[in-house]
Amino acid sequence: MLDEPLGDTTTLRNPEVLDELQTVIEQWKRRQKLAEEQQIIELYRNFRIEYHTVKVGKPKLAVVTVTNPPVNALNERALDELNTIVDHLARREDVAAVIFTGQGTKSFVAGADIRQLLEEMHTAEEAIALPNNAHLAFRKIERMSKPCIAAINGVALGGGLEFALACHYRVADTHAEFGQPEINLRLLPGYGGTQRLPRLLHVRTNGTGLLRSLELILGGRSINASEAHEIGLVEALAQGTQDSLSVASALAREYIISDGEPRNTDRSSDMPALSDVFIHRQEQLAEWANPQASFVSDELSSILAHPRIERIVHQAGGAGRARAVERAIEAVRFGFEQGFDAGLSHEARLFATAVVDPEGGKFGIQAFLDRQSAPLPTRNPPITAEQERLLLEQSQLLPVGSPFFPGVTAIPTWQYAQAVIRDPVSGAGSHGDPADAEHQIIIPVEQPGPGQALLYILASEVNYNDIWAITGIPISLFDEHDRDWHVSGSGGIALVAGMGEDLRGEGRLKVGDLVAIYSGQSNVHAPIMGLDPMASDFVIQGYNTPDGSHQQFMLAQGPQCLPLPPDMTLEAAGSYMLNLGTAYRALFTTLGITAGRTIFIEGAATGTGLDAARSAARNGLHVIGMVSSEARAQTLRDSGARGAINRKNPQYKDIFTRVPSDPATWVAWEQAGHPMLEDFKAQNDGRLADYAVSHAGETAFARSFQLLGEPRDGHIPTLTFYGASSGYHFTFIGKPGAESPAAMLRRARLRAGEAVLIYYGVETGAQNLVDAAGLEAIEAARKMGARIVVVAYTDAQREFVLSLGFGAALRGVVSLEEIKRRLGDEFEWPETMPNLPDARRDPQGLKEAVRRFNDLIFKPIGAAVGQYLRSSDNPRGYPDLIIERAGHDALSASAMLVKPFIGRIVYFEEVGGRCYSFFAPQIWMRQRKIYMPTANIFGTHLSNAYEIVRLNDEISAGLLSITEPLLIEWPELADAHQAMWENRHAASTYIVNHALPRSGLKTKDELYEAWTAVE
């Protein structure tokens, strides 16, 4: 069968049969070969192979796709399959080139399965199997007699980068990322990174490659595709209409058609020929095999003494990674001293030792999974004063306040920004009071992408988002991005300095336009943009992203660049979008206010509260606001309000608190608020509020909800909120009233096909199977065409519900008892929202409490429910609607489980007199809604771009007004933030001046003339 000699056949009784067998075998082989040649697809568990003919008569191209979602990780089984596939492709004579790529658009290969390393590897002998298996596969790829191309379609981290390094040629999409983050886990690269990366980069970057490779290995930070191309980590970038697979295929086609002959053409160095790179790699392999002791004593020792490497090594000591760094350096040194193959073997041993080291990989992986990893080192030290002077002299940096004439003035390569930074020594975010933590720094000017504009900022809006970013409360945003700085600032006024090709082609904007900056960003290409841009990966620039408007030049998406309302000063035009836009959405979209009704507004004399109060009053509502002084009460009345509640009134002393956790105190807590309710009624014709707008946080929220009145004239009193400045643990006492499940589902606009989660067995007790109210809710959802998942308290209740014949509508039943039995201490079902530490006094404690809630409650129940509801447009299996139950306080869990932005939580039973609690950002930032029989709580956020256009229309029509801001100068920004942080700001709105020569300008012509006059 394998064409091996049979040996002596003379002893066989019937040797003539061998000829017949040989004929049959040859016929079988021909059929198999024909079948292989005609087969286009082969499927494996973790891989897919496609075979493509590029020209008749020529060998084929094989495209291998890693299909191991969600991140295409290389676990043990995937490596076994990869070895099989590589052997198979190496033997096939009809395949001339191979492309490896990843499924989807996010990941090429994101690395190894670290949970497997943590949970299954307990001895070095067990742990070494993975790197040995990876080395075997990657060496086969590297030594294959046909070229292998990595088409890198997303992140290539850790083992993913090492996979790509084993290929002979690398093509990357522009959004790809590269890195060796193992050091963050107290590990070292174990799949060949310490051997291939230094060697490949050393010969490609004029001597700096070794330095860059050690920065990647020891620093653990990732780089983008552009930088990877610059340092020679990838041979080609897919740009414009290209993608990495199409570029790789074109290179392979050329190679196959030319029979692999070298192509000594005038080809750009950005796209070297595959044949040339393949031949060079084969030559390199021969060189790598030889020990290079002199290289170690000369160049490697010199690089290890480089200040950039010494800084990384020093930081590793403080972060607990000193041993990991030592192991990585030892692996690199050993490989150069002993040769490439010996280096790979030694790397595998060091990796296995690190994996099972209790203070190494075991500690590092667990800390990473718990989101408690020590910071990684910063990439570069700050720009020095001498460097700043040189940049200014060379016009690569503009002084703050410089005139800038788009299309005429050259765009500099560097710029000033106001930011909070990572500590250059520890790598941790240097958070604190704004006066101490915010600094002027110098950072690069970025280039716009296809749908982006580069803006020269004239003035930028100052708001509380800045303060949360600077103070790191409730979370450090350095945990959410990889930059060494966080530039805050959401919104402002700017000149268009440059545009990407798509935005230019749209024809709406041109270089030189004066625009107001809307600060919301979304995935503008997602189909659900039509629902609401905020349902499509919505973020606030300068808070959720590190590239806000407190810098001289800023990138913005096209929809962020809006025309100015007429007859408005430039400083006013740059000051209102976040504050007034937030108030606008709260009033007109979320609440849908109606003239003649009454609204209560927290913090109604400053900021968004004042904007909301003025807007509501101008639209015919009776406004009563909460203030902190009589002077502010007068400001509110002057803005059109009917009345004010002064929270500093002695009779309200100590009433602004969370609802206590002890049920025995709930009645007394409610009664303590009655004087405030009577005060409100006295100012509102004896009635409580129809609407409430909250943003002051946990201390005020419960009382604002208490101020909601009873339903009247078909209106259900509703509270909306968009902030939590005094804390995130929200509580409230329910309002009396009950309704049928069907009526509540209609009110929440349940549509056929939507996914609904229903709790069952809440008050029945473990032995009672029948939950009549729960069954009524299931039947109501079934009749409306919902896809239902039930969460029962016990296994017996689960089996009972399954036995009732709800049909295909019931997709599954989850038992909390079963989850607890399976996960033990790793699952806790909440009796109420766990206590959260004070965000200001103990931000780390708050972060840990939220992480614990996420790990012990949300993830287990989310995984159990999600398995029944996952779909292509809902990969995590979030329910669209949750039918909550009055008898338990699981609202904090439901607020995390229900689908963001369009998710609804519905109560139908009597909730009056009971306390409920939730984590505020889950409702407010994700704009989820809570429906109860006689009241609603709706989360709200910043207006979307279309709502800002409508807002501008209303401003132009005189229906809304903008408070003229206080214009502060660039050096005063940190002091202004500090004043806001301490609630002693003098103005309701601040805007910081970047380049306005004076206040009061209204047009670009006036701006240009003023600049000229100054010059």
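Modeller: Let us begin with Ser 213, which is buried, with a relative accessible area of 0%. This is a predicted model, in which local features need pLDDT of at least 70 and side-chain atom pairs count only at pLDDT 80 or more, while totals for chains, interfaces and linings use all residues. Residues are numbered from 1 along each chain as its sequence is written, and side-chain values use heavy atoms, with hydrogens and water left out.

Biologist: Why is Ser 213 called buried?

Modeller: Buried means under 20% relative accessible area, exposed means over 50%, and partly exposed lies in between (1.4 Å probe, protein chains only). Ser 213 has a value of 0% and is therefore buried. The residue is found in helix 8 (residues 209-219); helices (H or I, at least four residues) and strands (E, at least two) are DSSP runs, numbered from the N terminus.

Biologist: What does Ser 213 contact, leaving aside its neighbours within four places in sequence?

Modeller: Ser 213 is in contact with Leu 197, Pro 198 and Leu 201, those neighbours left aside. Contact means heavy atoms within 4.5 Å.

Biologist: Why does Lys 899 count as buried?

Modeller: Its relative accessibility is 17%, so Lys 899 counts as buried. Lys 899 is found in the loop between helix 33 (891-897) and strand 32 (904-906). Not counting residues up to four places away in sequence, Lys 899 touches Asn 874, Tyr 878, Pro 879, Asp 880 and Arg 928.

Biologist: Is Ile 40 buried, partly exposed or exposed, and why?

Modeller: Ile 40 has a relative accessible area of 43% and is therefore partly exposed. Ile 40 is found in the loop between helix 1 (17-38) and strand 1 (41-43). Ile 49 is found in strand 2 (residues 47-53), and its relative accessibility is 0%, so Ile 49 counts as buried.

Biologist: What makes Val 515 buried?

Modeller: Val 515 has a relative accessible area of 2%, so the residue is buried. Val 515 is found in strand 17 (residues 514-517). Leaving aside its neighbours within four places in sequence, its contacts include Leu 455, Gly 492 and Cys 561. The C-alpha atoms of Val 515 and Ile 457 are separated by 9.7 Å, and these residues are 58 residues apart along the chain.

Biologist: How many aromatic pairs does the structure hold, and what makes two rings a pair?

Modeller: The structure holds 30 aromatic pairs. Rings of Phe, Tyr and Trp (its six-membered ring) pair if their centres lie within 6.5 Å; planes under 30 degrees apart count as stacked, over 60 as edge-to-face and the rest as tilted. Trp 468 and Trp 981 form a pair at 6.0 Å centre to centre, with 85 degrees between the planes, and this pair is edge-to-face. The pair links distant parts of the chain, with Trp 468 in helix 19 (residues 464-471) and Trp 981 in helix 36 (residues 973-981), 513 residues apart. Both Trp 468 and Trp 981 are buried.

Biologist: What kind of pair do Phe 721 and Phe 730 form?

Modeller: The centres of Phe 721 and Phe 730 are 5.1 Å apart, with 45 degrees between the planes, and the pair is tilted.

Biologist: How do you know that Arg 92 sits over the ring of Tyr 51?

Modeller: A charge sits over a ring if NZ of Lys or CZ of Arg is within 6 Å of the ring centre and within 35 degrees of the ring normal. The charged end of Arg 92 is 4.2 Å from the centre of the Tyr 51 ring and sits over that ring.
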